[in-house]
Amino acid sequence: MKPTIKYPRQEYLARFSGETIDIGEVINSRIPVRARIQVNTLTHHTLVVGSTGSGKTHTVSIIVNELIRKTSKYRVLIIDWHGEYMKLINKAEYFEPRRVPLNIIEQNNIYDFIELLQDSLSLTPPQVFILEKIFENKNHMINSIYDLKNILEDIEDEGSWFRESRLSLLRKISPLTRDSLREIFGSSRDKLVEYINTYENPIIIDASRIQDPYIRRIYVSILLKKIFREAIKRRIGSHNKLLVVLEEAQNVLGRNNYIGIITRMLSEIRKFGIGLVIVSQSPSQLVDEAMLNTNTKIIHSIKSLNDLEVVSKSLYLPLNIEKIIPYLDVGEAVLYTRGLKKPVIIKVKEF
Ligand SMILES: Nc1ncnc2c1ncn2[C@@H]1O[C@H](COP(=O)(O)OP(=O)(O)O)[C@@H](O)[C@H]1O
Ligand SMILES: [Mg+2]
């Protein structure tokens, strides 16, 4: 039988300041209480976890719809890993990746770019060395991934180790230069900032249209990196704040395969008006930063012991709440957010 606990009235004591959004009801208080999140905590990032089918995507859609209904101060960008948000978000702008092309190579941020490739393609130190050497050679004109590929094909080998590393680097980069991706990675003009600043409705970028998960991951990493970079330059996030939804976050924030530059930016990016919603089925697979840098946590039903342990340790969950997590129904969750004295159990509302 599912264990239950009820908080008496005086123990609930939510103290919210500023605007809040209503995402459902608290089901473990003795009196009816709405489940709320302060709008200004959203830039302190949100973590939504739970097994497949536990209600994560639904919950995120409620947050986005309520936020847009409540305030015009926020823009929203959803990086839609599975292509499922279009039917869930009221009035959204839908984009396939080819309509949001990303120039991979930014001339003025070459070392960031090399690091991103290093992480997303698992480059070895010799492969990184070769890339640095290519970019540092002033005779090379590299404006696109295609130029890079050509140079890699033509450059003279400095010995057998060089040849070996160069060829395997070439093999790793080649998938990005497929004809079908030319519209995505070949463009020299990014439209991202323009879109974010133009559309008041949530923007959905349907990453699922990139079928190869290896390429999808690289696309999403570059997308995030650009968002962070542009926010630091104050080109987005300053006039309106920006909420970025990242589904299947273990692809970029995975403990064993994280993208370093994105992980590092998690803590500082809030200062620049960007709030992330990190969604994943497995908290134990995420880098510690995902737990540490998220102020709001929404924990749907979790069955795996590893995941339960990570969640209850980082939240100092009372034992009676921890015990309930595996038995939560679809749409039920433990909510912990600024303004609450302790975690509460909620039922996220329906549309
Ligand atoms: N709070 C809720 N109220 C009603 N139905 C819900 C709720 N949360 C999820 N569902 C339904 O349960 C199913 C799985 O939810 P979903 O959000 O896709 O799970 P997840 O993203 O965790 O895999 C969907 O059909 C969804 O409509
Ligand atoms: Mg989902």
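**Note on the predicted model**

1. Buried residues make up 57% of the 351 residues in the protein chain. Here buried stands for under 20% relative accessible area, exposed for over 50%, and partly exposed for what lies in between (1.4 Å probe, protein chains only).

2. Residues are numbered from 1 along each chain as its sequence is written, chains are lettered from A and ligands numbered from 1 in the order in which they are written, and side-chain values use heavy atoms, with hydrogens and water left out.

3. Along the principal axes, the C-alpha atoms fill a box of roughly 75 × 40 × 30 Å.

4. The protein chain contains 14 helices and 11 strands. These are DSSP runs numbered from the N terminus, with helices being H or I of at least four residues and strands E of at least two. Of the contacts with a separation of 6 or more, 75% are between residues 24 or more positions apart; a contact means heavy atoms within 4.5 Å.

5. How is the protein chain divided? Domain 1 covers 9-100 + 191-348 and domain 2 covers 107-182, with bounds from an automatic or database domain assignment. The contact between them takes 14 residues from domain 1 and 13 residues from domain 2. Their C-alpha centres lie 34 Å apart.

6. Asparagine 295 sits in the loop between helix 12 (288-292) and strand 9 (296-299). It counts as partly exposed because its relative accessibility is 24%. Leaving out residues up to four places away in sequence, asparagine 295 touches His44, His45, Tyr336, Thr337 and Arg338. Histidine 45 is 250 residues away along the chain, yet the two C-alpha atoms are separated by 5.8 Å.

7. Histidine 45 itself belongs to the loop between strand 2 (33-38) and strand 3 (46-49). With 0% relative accessibility, histidine 45 counts as buried. Its phi is near 70°, a positive value in a residue other than glycine. Most residues other than glycine have a negative phi.

8. Is tyrosine 316 buried or exposed? Tyrosine 316 is exposed, since its relative accessible area is 71%. It lies in the loop between helix 13 (305-315) and helix 14 (319-324), and its phi, near 50°, is likewise positive in a residue other than glycine.

9. Leucine 315, by contrast, is in helix 13 and is buried, with a relative accessible area of 9%. Apart from neighbours within four places in sequence, leucine 315 is in contact with Lys297, Ile299 and Tyr336. Tyr336 is also among the residues that asparagine 295 touches.

10. Glutamate 66 is a charged residue in helix 2 (residues 56-70). At a relative accessible area of 11%, glutamate 66 is buried. Residues up to four places away in sequence aside, glutamate 66 touches Ile21, Asp22 and Lys349.

Technical notes: Predicted model: local features only at pLDDT ≥ 70, side-chain atom pairs only at ≥ 80, totals over all residues.
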